[in-house]
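Here is my note for your reading of this model. Please keep the structure open and go through the points one by one.

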Amino acid sequence: MPMRIIMLGDVVGQPGRRVVHQQLPHIRDRYTPDLILANAENIAGGSGITPQLYQKMISYGIDGLTLGDHVYKRKEITATLDQVDNLIRPANLPAKAAGKGVMTLTARPGRAAAGATLTVVTLLGRTYMPMAADDPFAVIDRLLEGLTPDAGPVIVEIHAEATGEKIALARYLDGRVAAVVGTHTHIATADAGLLPRGTAYITDLGMCGPYDSVIGRRADRIIQHMTTSMPTPFDVAEDDPRLCGVFIEVNDAGHAAQIERIELKADLDQPPFADN
Ligand SMILES: [Fe+2]
Ligand SMILES: [Fe+2]
């Protein structure tokens with residue numbers, strides 16, 4: 001039975017949460033996904049995640065959430081990271097870092113592939129990244145070796161700045177995992193496609209958040225900072241919220257049959273953006 005998966009890019013602040021909430025029903029109607037994933041590292045005011053916001057995203061119908069370099073920006077998430085099995089931090093952090101780097105999700109009853117499993121891993125890149133991390137190539141090799149057949153197909157998220165590092169990891173994993181998807185830059189790339197040995201790939205999913213901004217923050221504040229080098233609050237922007245991500249279909253061999261980029265603008269005349 002093929003699996004149909006939606007993976008959304010970094011959800012940024014309230015505009016990101018709202019566009020995900022508003023557009024997910026349309027995504028479900030159009031793609032009938034078995035599992036829906038999202039990166040939530042920027043969901044709490046643009047940086048980190050709280051237990052309440054984790055619950056909110058799950059209540060919207062997201063099955064699994066990943067985090068990146070902002071994983072620990074909100075300390076109150078630490079206990080949740082250790083308790084729940086559908087929220088992961090980068091796998092290549094120190095062994096004693098709170099949380100887990102791998103999750104195996106099961107498609108819920110009522111979905112076409114109900115009962116089927118999918119394993120998700122997120123890795124931090126090391127080039128121009130603000131958080132120290134172990135070699136993502138060695139870490140994913142070790143993790144893949146340790147998986148049992150009931151882990152199902154594997155999706156690897158590479159949370160990194162440098163395009164070359166992301167592409168290199170994808171080519172390294174081609175044929176061994178169903179998909180490699182990039183996050184962290186908040187700018188979607190136009191290279192969604194299938195690699196030669198059957199792994200789906202995109203360098204960056206783009207963010208779910210306000211596009212009238214500098215990668216989600218108010219442009220005036222960023223420009224102020226860049227033209228003065230003085231501390232400036234980087235408030236989350238508000239306008240032009242969009243949802244960005246991909247739809248991936250995985251075949252029975254655990255390879256990708258297709259990948260399609262998704263970009264949906266919020267309908268600002270409808271809830272939760274407008275009361276009616
Ligand atoms: Fe991010
Ligand atoms: Fe990030």
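1. Start with two histidines. Histidine 159 and histidine 184 are both buried. Keep in mind that this is a predicted model.

2. What do these histidines hold? They are among the residues that coordinate the iron ion (ligand 2). Histidine 159 sits in strand S7 (residues 154-159), and histidine 184 sits in the loop between strand S8 (179-183) and strand S9 (193-194), so the pair ties together parts that are 25 residues apart in sequence.

3. Now check the geometry of that site. The four donor atoms around the iron ion (ligand 2) subtend angles of 85 to 142°. The arrangement is irregular because of these angles. To count as tetrahedral, four donors need all angles between 85 and 135 degrees.

4. Turn to the other metal. Which residues coordinate the iron ion (ligand 1)? They are Asp10 (OD), Glu41 (OE), Asn42 (OD1) and His186 (NE2), at 2.1 to 2.2 Å. The donor residues of the iron ion (ligand 1) are spaced D-x30-E-N-x143-H in sequence. Their donor atoms subtend angles of 86 to 167°, so this arrangement is irregular too.

5. Look at what links the two sites. Glutamate 41 bridges the iron ion (ligand 1) and the iron ion (ligand 2). The two ions lie 3.5 Å apart. Is glutamate 41 buried or exposed? Glutamate 41 is buried, and asparagine 42 is buried as well.

6. Next, the cysteines. How many disulfides does a search of the whole structure find? The search finds zero. A disulfide is a covalent bond between the sulfur atoms of two cysteines. For cysteine 208, the closest cysteine sulfur is in cysteine 244, 6.5 Å away, and this is too far for a bond. The cut-off for a disulfide is 2.5 Å. Cysteine 208 is buried, with a relative accessible area of 0%. Cysteine 244 is also buried, at 0%.

7. Now go to the surface. Ile187, Val214 and Ile215 form a nonpolar patch there. Together they have about 230 Å² of accessible area. Valine 214 is in the loop between strand S11 (209-210) and helix H6 (219-228). This valine 214 is partly exposed, with a relative accessible area of 31%.

8. Some backbone points deserve a look. Most residues other than glycine have a negative phi, and most peptide bonds are trans. Threonine 32 has a positive phi, near 40°. You will find threonine 32 in the loop between helix H1 (13-31) and strand S2 (35-39). At 44% relative accessibility, threonine 32 counts as partly exposed.

9. Aspartate 240 also has a positive phi, near 55°. Where does aspartate 240 lie? Aspartate 240 is in the loop between H6 and strand S12 (241-250). With 23% relative accessibility, aspartate 240 counts as partly exposed.

10. Finish with one peptide bond. The bond from proline 271 to proline 272 is cis, with omega near 0°. Proline 272 lies in the segment after strand S13 (256-265).

Terms used:
Residues are numbered from 1 along each chain as its sequence is written. Chains are lettered from A and ligands numbered from 1 in the order in which they are written. This is a predicted model: local features need pLDDT of at least 70, side-chain atom pairs count only at pLDDT 80 or more; totals for chains, interfaces and linings use all residues. Side-chain values use heavy atoms; hydrogens and water are left out. Donors are N, O and S atoms within 2.8 Å of the metal (3.2 Å for Na, K and Ca); water is not among the atoms, so sites may look incomplete. Four donors count as tetrahedral if all angles lie between 85 and 135 degrees; four count as square planar and six as octahedral if opposite donors are over 155 degrees apart and all others between 65 and 115; anything else is irregular. Helices (H or I, at least four residues) and strands (E, at least two) are DSSP runs, numbered from the N terminus. Buried means under 20% relative accessible area, exposed over 50%, partly exposed in between (1.4 Å probe, protein chains only). Patches are made of residues with over 30% relative accessible area and no salt bridge: like charges are joined within 9 Å, nonpolar side chains (Val, Leu, Ile, Met, Phe, Trp, Tyr) within 5 Å. Accessible areas come from the Shrake-Rupley method with a 1.4 Å probe; for residues, only the protein chains shown count as cover. A salt bridge is a side-chain nitrogen of Lys or Arg within 4 Å of a carboxyl oxygen of Asp or Glu.
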